[in-house]
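Please read these notes with the structure open beside them.

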Amino acid sequence: MLKTFPKGGVHPPENKISAGAAIETLPLPTTATIPISQHLGAPSAPTVKKGDKVKVGQIIAQSTGFVSTNIHSSVSGTVQKIDDSIDASGYKRKAVIISVEGDEWDENIDRSPELKKEFSLSGPDIIKKVLENGVVGLGGATFPTHVKLSVPKGMKADVLILNGVECEPYLTSDHRIMLEKADEIIVGTQILMKALDVKKALIGIENNKPDAIEVFSKLADKNPGIEVHPLKVQYPQGGEKQLIKALINREVPSGGLPIAVGAVVQNVGTALAVYEAVQKNKPLIERVVSLTGKSVKKPANYLVRIGTPVAELIEASGGLPDDTGKVINGGPMMGKALNSLEVPVTKGTSGILIIPELEARRRPVQNCIRCARCTQVCPMGLEPYLLMTLTQKSMWDKVETNHALDCIECGSCAYTCPADRPLLDYIRLGKTTVSKLIRARKQ
Amino acid sequence: MNKLLTISPSPHNYGDDSTKKVMYGVVIAMIPAMLVSFFYFGIGAVVLTLTAVVSALVFEYLIQKFILKKKEVSITDGSALVTGILLAFNLPSNLPIHLIIIGAFVAIAVGKMSFGGLGQNPFNPALVGRVFLLISFPVQMTSWPKPGALTAYLDAETGATPLAIVKEALKNGESFSSITEKIPGYADLMMGNMGGSLGEISAIALLIGFAYMLFRKIITWHIPVSVLGTIAIFSGILWLVNPETNADPLFHLLTGGAMLGAIFMATDMVTSPMSIKGQVIFGVGIGVLTIVIRVFGAYPEGVSFAILIMNAFVPLINAYVKPKRFGEVVK
C-alpha cells in the first residue's frame, strides 16, 4: 500500500493541465521590480541606490539578521528607484525597481549547462554559500534555507526529506523540474545531506507523477543513501508535518519544528537552487513558475527572472482569458488572490493560476449543520467549526487552548464544508489575535 | 489587461458537497423503508407520510416567512423534508390527520425553529414531535395496525407490537421461550412483517439505507454500530444471565425502533457529537439507555427517549472529548 499521512486530508480535483508543458525561458522584462522582502523573516537592506548600474547576480539587498537573506539583481541595467510597490500580499512593500539594459551577468557565475557533480566544501561553508546566494524554501513558504540547515545546538538531524509532493492542484513547476533537472536535484540533495551531516535522504513524490517517480527511482539506485517513496495522492501531503508523518511516521510536536524529530524537509526546487548556488555560484535570481487555469490558451511552465510582472507571463500564454475572475499567486488551496497583474514574480511564486469568473466567487454562507466533516478532514486534529465560533465570540483564551496556532492553514476544512462556511478566514483571525496576545503576555 | 479581479482569502476552490446534497442523500436512503411501509400498511402509510412531509414544509415556510421574516426561505434545503419523513417513520399508520399535523408543528416549531433553525437545535426535531405525541396522546400512539390491511386507515385492525407483547408476557411471569408463537419469526422481523411505526419495521430496508449513506459518505459507521453493538451486548448479557425472563439480543435488535433509531435518528448530524470518540460514547449511551428502558422501565420501547437523553449530553461530550491533535505534547 502507498504511504500517506493517516489523519484528515482531502482530494480536490488535481487539474494538472500544465504537466506536459516543458519549461520555457520567458523573455526578459523591460522593468524588474524586486521586493526586498521575499522571504519569511526580516526584510533585507538595500545596498544600491537610484542610478546605480547593476549586473545579473549582483547583491542589491543584504541580509539583516539570522532569519533573513540576500537579494540579488535578476537583470542587468540601471536602478530606477527604490520605492513602494504592491506585491503578492496585496500590500505596498519596498522594492528595487530596475530598468533592464541587455543581459550582463556577474563574471563569477558559471553559466555552462554541464552537470558538476563533485563538491568539496565543508558543511558550514555550504551553509554560508546558501546564505550568500539568497536561497530560500521554494515550496511557497520561503523560509531562508540556511536557517533550516543550521541545526540548533543539542539537536541532530538524521534524515533529509525532499519534498516532491506538489499536492496543490494545478501547479506543475516542481513536477517539471523533477523531470528536466533530476541530475541537478540529486547533486543538490547530496550537498544538503553533507550540510546536515545525514546519511539518508527520502524523496516523497505523489503517485500522480509516475514519470518523476521513475526518473528518480533510477537515479536513487545509483546514489546510495537516497530513496524514492511514491505517496498516495492526498492534500495537504506537501505540508512538512504531514510529509514527515507519511514518510517516517514521526509526529512533529505541537509548536515544534521538524528538527525536533530529527528531520529536515526541503523542496525539490530548493535542492535545485542549492545545487546552482554551491556548484555554479548562481544566486536565486530565477525560478520555474506554472501559468495555468482552465481558460488559459497555453498552460505553461516558465523559467522566469525574479521581478518579472505577472502580466508578462499571462501575455506569453495568450493573454488574460475573457472569463477571468481571479488571478492567484500559488495554487487554489493556499495561494493568494492578486489585486494587480503588475505584481512581480518573487522567490515564493510557484505558479500563477487563473480562475474563471464562475468559480471565483464564494457561495453563500449557510448554517452549520454540525456534520463534523471539518473535524474529520483537519490534518492537525483540530475542530475548525469550534475555532470559528470561538473567534466570532472573541473567546481568545479558548481559541488558544483549542490549539488554533497548530493550524497550518491548508484550507481542507473550508474546502469540504457543505454549508460553505468561511472556516479558515475566522481561524486566521483567531490565530493572529492569539499570537498578539501571547506576545503581549511575554513582555 | 485591466480587469477587475475578485479578491478573497484561500482556499479558492470548494468541494461539491452541499447541505442540500447531504439532506437529499438521507431522503434517498429512507426510500426503501418508506416503500416497505407502503407495502405493509397501504393507504394509511401514504396518507401519514404525505401529511407529515407537507405540514413540516408548510410550518417551516410560515415560520421563516412571517415570524422570522427571512428574505430567503430555505425550505428547499431538504432538512424539513427529512424531519417530515422521520416523523412519519415514528408514528403508527392509523394516526388521525390532526394529530400528525400537531406532531409536525411541534417538531418544526418547537423542536427546530425555536432554537434558531437548521443546525441550532439540540434535540432531534422528529423525535421531539414523536415524544410529544406519545405523552399527550398515548392511546392513539400505541395502537398499532397489523401489517397487510392495505386499504384501511383509521379503521385498521390493531394489535400490540412484538416488544409490547413480550414486555406484557414477561411481566405476567411467562417465560420468553413460551411466548415465541405469539410474536413473528425472525424472518418476518427482518422483512418488517410486524406491527409498529411506519419506518421501523423492516431491518433489511433500513440496512440498505445505511449502506447507501455509508457509500455516499453522508455518515460514518460509528454511531449506528456503537448503538446496535451496545444493544446486542447489553441485552445479550441479560439474556445469558436468565434466558427465561429476558428476550434474546437478536429480538432486541430487530424490533421496535432500534434499527431506525441507530441508523437515521441518532446519526442526525445536528444533534450528535463532532468527534469520532464522542460519537462512540454517544452511541454506547443510547444503547445502554434503550435496554434499561425496555427491560426495567415502564415503556416497552425506549429508543426515542434514549436518543433524546443522549442529545442533551452532546454539548458536554463535545466539550470534553476532543479529537487526537497532531503532535500533541503529552504532559
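1. The centres of domain 1 and domain 2 of chain B, taken over C-alpha atoms, are 21 Å apart. Domain 1 of chain B covers 19-141 and domain 2 of chain B covers 162-316; such bounds come from an automatic or database domain assignment.

2. This is a predicted model: local features need pLDDT of at least 70, side-chain atom pairs count only at pLDDT 80 or more, and totals for chains, interfaces and linings use all residues. Residues are numbered from 1 along each chain as its sequence is written, while chains are lettered from A and ligands numbered from 1 in the order in which they are written.

3. The two domains of chain B touch. 29 residues of domain 1 of chain B contact 29 residues of domain 2 of chain B (contact: C-beta atoms, placed from the backbone, within 7 Å).

4. Which elements give two or more residues to the domain 1 side in chain B? They are α1 (19-41), α2 (43-67), α3 (79-89) and α5 (125-136) of chain B. α1(B) gives the most, with 12 residues. Helices are DSSP runs of H or I, at least four residues; strands are runs of E, at least two; both are numbered from the N terminus.

5. By class, that side of domain 1 of chain B has 21 nonpolar, seven polar and one charged residues. Nonpolar means Ala, Val, Leu, Ile, Met, Phe, Trp, Tyr, Cys and Pro; charged means Asp, Glu, Lys and Arg; the others, Gly among them, are polar.

6. Now the chains. 58 residues of chain A are in contact with 33 residues of chain B. On the chain A side, β15(A) gives the largest share, five residues.
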